[in-house]
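Here is a short briefing for a first look at this chain. Have the sequence and the model side by side as you read.

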Amino acid sequence: MLRFLCLIVLSVFTLAACTETTVQLGPDGKPLPQLYRIRASEASAIQFRMLDSVNALRQAAGAGPVELNAQLNAAAATHARDMSVQNRPWHFGSDGSSPLERVARVGYTGGLAGENISETYETELETLSAWMEQPDTRRVILDPTAVDMGFSWHQEVNGKIWWTLVLGKGAQATAL
């Protein structure tokens, strides 16, 4: 019986090795990206993965950690949906609102450190990596005055994701 079971397992592994996996390559010779589909059940895991990654980058740069803030998450979610409606990544809402106005609308009493946005089909960590490659968006992530973070996205049916990251200075910073 054991011999028969081993033979079946060996046959399965042999057949699995024969299957062909094709990876489509782009014109640059690199593999084409796979569609990254976000399920509702993954929302908090994605936010905490981004928080941990941002804090690791901040620590390496000598900046203090940031914490997720529900108000900034709400401001980020609103702007991500609004960019999708406008079909363009930019810092102004369809009503003309600025990042400063959006964080005030959600009741955040701290100062705004900055906002990063992206329109992509990439994961949150690939997006963070792209932000770190650009001096202006890297400056927002590593701002030493930031203590709060909001992070959210809107994914369209076609898979396009609109990411928004907002960093705040906290209520103590505005009181000084």
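Ser-118 sits in strand E2. In this predicted model, Ser-118 is buried, because its relative accessibility is 15% and the cut-off for buried is under 20%. Its contacts, leaving aside neighbours within four places in sequence, are Thr-127, Trp-131, Ile-161, Trp-162 and Trp-163.

**Strand E2 and its partner**
- Strand E2 covers residues 111-120.
- It is mostly covered, with 9 of its 10 residues buried.
- Strand E4 takes in residues 161-170 and is joined to E2 by 9 bridges.
- E2 and E4 run antiparallel.
- Ile-117 has Thr-164 in E4 as its bridge partner.

**The sheet**
- The 4 strands make an open sheet, and their order is E1-E3-E4-E2.
- The pairing in this sheet is mixed.
- E1 and E2 are the edge strands, and each has a single partner strand, so one side of each has no neighbour in the sheet.
- Strand E3 (residues 148-155) is joined to E4 by 8 bridges.
- E3 and E4 are antiparallel as well.
- In E4, Gly-168 is the bridge partner of Asp-148.
- In general, strands of a sheet pair through backbone hydrogen bonds, in a parallel or an antiparallel way.

**Helices on the sheet**
- Helix H2 (residues 43-60) packs on the sheet and touches E1, E3 and E4.
- The direction of H2 makes about 135 degrees with that of E3.
- Helix H5 (residues 124-133) lies across E2, E3 and E4.
- H5 runs at about 115 degrees to E2.

**Ser-84 in helix H3**
- Ser-84 belongs to helix H3, which spans residues 70-86.
- Is Ser-84 buried or exposed? Ser-84 is buried, because its relative accessible area of 14% falls under the 20% cut-off.
- Beyond its neighbours within four places in sequence, Ser-84 is in contact with His-154, Glu-156 and Trp-162.
- Trp-162 is also a contact of Ser-118.

- Lys-169 lies in strand E4.
- Lys-169 is partly exposed, at a relative accessible area of 30%.
- The C-alpha atoms of Lys-169 and Gly-111 are 4.9 Å apart, although 58 residues separate the two along the chain.
- With neighbours within four places in sequence left out, Lys-169 is in contact with Tyr-108, Gly-111, Leu-112, Ala-113, Thr-145, Ala-146 and Val-147.
- Ala-171 is part of helix H7 (residues 171-175).
- Ala-171 counts as partly exposed, with 39% relative accessibility.
- Between the C-alpha atoms of Ala-171 and Tyr-108 the separation is 8.1 Å, and the two residues are 63 apart along the chain.
- Ala-171 touches Thr-109 and Gly-110, with residues up to four places away in sequence not counted.

**The chain as a whole**
- The chain has 7 helices and 4 strands.
- Along the sequence, these follow the pattern α-α-β-α-α-β-α-α-β-β-α.
- Of the 176 residues in the chain, 40% are buried.
- Take the contacts between residues at least 6 apart in sequence: 66% of them join residues at least 24 apart.
- The accessible surface of the chain is about 10600 Å², and carbon and sulfur atoms account for 60% of it.

**Confidence**
- Mean pLDDT for the chain is 85, and 80% of its residues reach 70 or more.
- Which element has the lowest mean pLDDT? Helix H1 (residues 2-18) does, with a value of 50.
- Strand E1 (residues 67-68) has the highest mean pLDDT of the elements, at 98.
- Where pLDDT is low, predicted coordinates should not be read in detail.

Notes:
Residues are numbered from 1 along each chain as its sequence is written. This is a predicted model: local features need pLDDT of at least 70, side-chain atom pairs count only at pLDDT 80 or more; totals for chains, interfaces and linings use all residues. Side-chain values use heavy atoms; hydrogens and water are left out. Helices (H or I, at least four residues) and strands (E, at least two) are DSSP runs, numbered from the N terminus. Buried means under 20% relative accessible area, exposed over 50%, partly exposed in between (1.4 Å probe, protein chains only). Contact means heavy atoms within 4.5 Å. Accessible areas come from the Shrake-Rupley method with a 1.4 Å probe; for residues, only the protein chains shown count as cover. pLDDT is the predictor's confidence in each residue, from 0 to 100. Two strands pair if DSSP finds at least two bridges between them. Axes are lines fitted to C-alpha atoms, for helices over the stretch in contact, and angles run from 0 to 180 degrees between N-to-C directions.
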